[in-house]
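This report takes a brisk look at one protein chain.

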Amino acid sequence: MLLLGPWLWHDDFDGRSRRAGSAPGVVGGWWGPPRKPGAEKPRRAGDAPRSPICLGSIDLASVGQIMAAKPGQPRGVGIFSIDSFPMGTGSAYVPITVEDPRDAKPDGRILDAWESITGFRPQGDTIADLLWDHLTRGADPAQLDGPGLMMPDTRGRLELWLANQLVRSQRFVWGDDAQYTAKLQDVLTRRLVEVRQRAIAGECRDKLGRVDFASHRKFSDALCEKYAGTNQQKKEDFFEAIKPAAWDAAETLVTHETVITESFNQGDSTTLGPDLGWTEVTGDLQTVSNVCKMVGAGNTVGRARATTDLSSNDNYAQCTVDSAGATNAS
């Protein structure tokens with residue numbers, strides 16, 4: 001079943017516990033999908049595991065709606081794939097369909113409800129088309145009056161997923177859809193403005209940890225390569241299309257590079273390194289035989305983050321993972 005309606009405020013364990021770091025007397029909580037009353041309470045010993053309630057969701061809220069939301073109250077607005085209607089939520093949710101969204105046909109009631117709840121009346125022959133239209137034609141590059149724009153992936157495809165199901169896919173070609181292309185151009189230009197501000201402020205560093213005031217130009221090169229390919233002239237032409245007006249003429253593309261690298265090439269140590277500084281978040285991670293390894297009894301999950309700022313979004317990582325058995329992985 002697909003429902004359209006607000007994200008609900010959920011108290012952790014029915015309001016009986018606080019999140020780590022919260023002030024005394026402040027109950028922790030979070031905005032999440034609708035669920036049956038009592039689903040947030042711990043199960044008693046021996047209870048059978050509950051089946052999933054919400055199988056997937058798409059956030060249709062603008063940044064303005066999210067920022068204005070107050071803890072303890074619902075905030076707009078999302079599409080939820082849910083196994084059954086959450087009783088006790090009143091009329092806050094509109095059932096959209098119980099069919100596959102790729103086949104379900106919208107009627108006037110659905111379109112009226114969609115427009116009333118979200119402020120946008122999508123177009124399309126199926127429910128999947130309505131979602132697609134909302135995240136493209138109905139999206140706002142600034143995310144002030146609508147959801148963010150659906151972005152092409154590294155293969156140059158637009159893909160819409162819901163509840164582990166690909167509901168629609170389309171190859172993106174710059175300029176084929178003039179309206180979408182203009183919005184994407186706006187998003188990319190805004191991103192470059194943000195990256196430049198961080199670079200000028202000295203927040204970005206190169207792979208050796210040095211402040212990199214040219215990092216925005218390297219980021220621009222990688223971004224242009226994603227959309228225009230590796231041909232230098234095509235990249236430069238694309239850059240002219242998305243370059244912010246306030247940038248100087250000398251702020252041209254600089255060949256991008258690996259932002260940060262960690263080899264773990266050091267003697268055995270309880271401190272990760274040596275190429276980067278690391279903050280361990282979960283578990284006990286150490287450098288053993290030139291690899292990062294989980295140690296300590298009972299540790300099943302280990303997380304650590306490099307204490308070096310990256311340039312922006314659109315970064316990726318690669319690593320070599322070795323497994324030494326069911327109880328030891330690195």
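Which residues form one aromatic cluster? They are Phe-172, Trp-174, Tyr-180, Tyr-227 and Phe-238. The model is a predicted one.

## Aromatic pairs

A search of the whole structure gives 9 aromatic pairs. One of them joins Phe-80 and Tyr-93: the ring centres are 6.2 Å apart and the planes stand at 75°, so the pair is edge-to-face. Phe-80 sits in strand E4, while Tyr-93 is in the loop between E4 and strand E5 (94–97), so the pair ties together parts 13 residues apart in sequence. Phe-80 is buried, at 0% relative accessible area. Tyr-93 also counts as buried, at 4%.

Trp-174 and Phe-238 make another edge-to-face pair, with centres 4.8 Å apart and planes at 70°. Trp-174 belongs to the loop between strand E7 (165–171) and H4, and Phe-238 to helix H6, so this pair links parts that are 64 residues apart in sequence. Trp-174 is partly exposed, with 30% relative accessibility, whereas Phe-238 is buried, with 7%. Both residues are members of the cluster.

## Packing of H4 and H5

Helix H4 covers residues 178–200 and helix H5 residues 215–228. Their axes come within 8 Å and cross at roughly 155°. An angle over 145 degrees counts as roughly antiparallel, so H4 and H5 are roughly antiparallel to each other. The crossing is right-handed.

On the H4 side, the contact uses Leu-184, Leu-188, Arg-191, Leu-192, Val-195, Arg-196 and Ala-199. H5 answers with Ser-215, His-216, Phe-219, Ser-220, Leu-223 and Tyr-227. By class, the contact has 8 nonpolar, 3 polar and 2 charged residues.

## Cis peptide bonds

Gly-76 and Val-77 are joined by a cis peptide bond, with omega about -25°. Val-77 lies in strand E4, residues 75–82.

The bond from Gly-273 to Pro-274 is cis too, with omega near 15°. Pro-274 is placed in the loop between helix H6 (232–242) and strand E8 (278–282).

## Positive phi

Gln-143 is a residue other than glycine with a positive phi, near 60°. Its place is the loop between helix H3 (127–136) and strand E6 (157–162). Gln-143 is partly exposed, with a relative accessible area of 33%.

For Asn-290, phi is near 65°, again positive in a residue other than glycine. Asn-290 lies in the loop between strand E9 (285–288) and strand E10 (291–294). Its relative accessible area is 38%, which means partly exposed.

How values were computed. Residues are numbered from 1 along each chain as its sequence is written. This is a predicted model: local features need pLDDT of at least 70, side-chain atom pairs count only at pLDDT 80 or more; totals for chains, interfaces and linings use all residues. Side-chain values use heavy atoms; hydrogens and water are left out. Helices (H or I, at least four residues) and strands (E, at least two) are DSSP runs, numbered from the N terminus. Buried means under 20% relative accessible area, exposed over 50%, partly exposed in between (1.4 Å probe, protein chains only). Axes are lines fitted to C-alpha atoms, for helices over the stretch in contact, and angles run from 0 to 180 degrees between N-to-C directions. Angles under 35 degrees count as roughly parallel, over 145 as roughly antiparallel, 65 to 115 as roughly perpendicular and the rest as oblique. A crossing is left-handed if the near helix is turned anticlockwise from the far one by less than a right angle, and right-handed if clockwise. Contact means heavy atoms within 4.5 Å. Ala, Val, Leu, Ile, Met, Phe, Trp, Tyr, Cys and Pro count as nonpolar, Asp, Glu, Lys and Arg as charged, and the others, Gly among them, as polar. Rings of Phe, Tyr and Trp (its six-membered ring) pair if their centres lie within 6.5 Å; planes under 30 degrees apart count as stacked, over 60 as edge-to-face and the rest as tilted.
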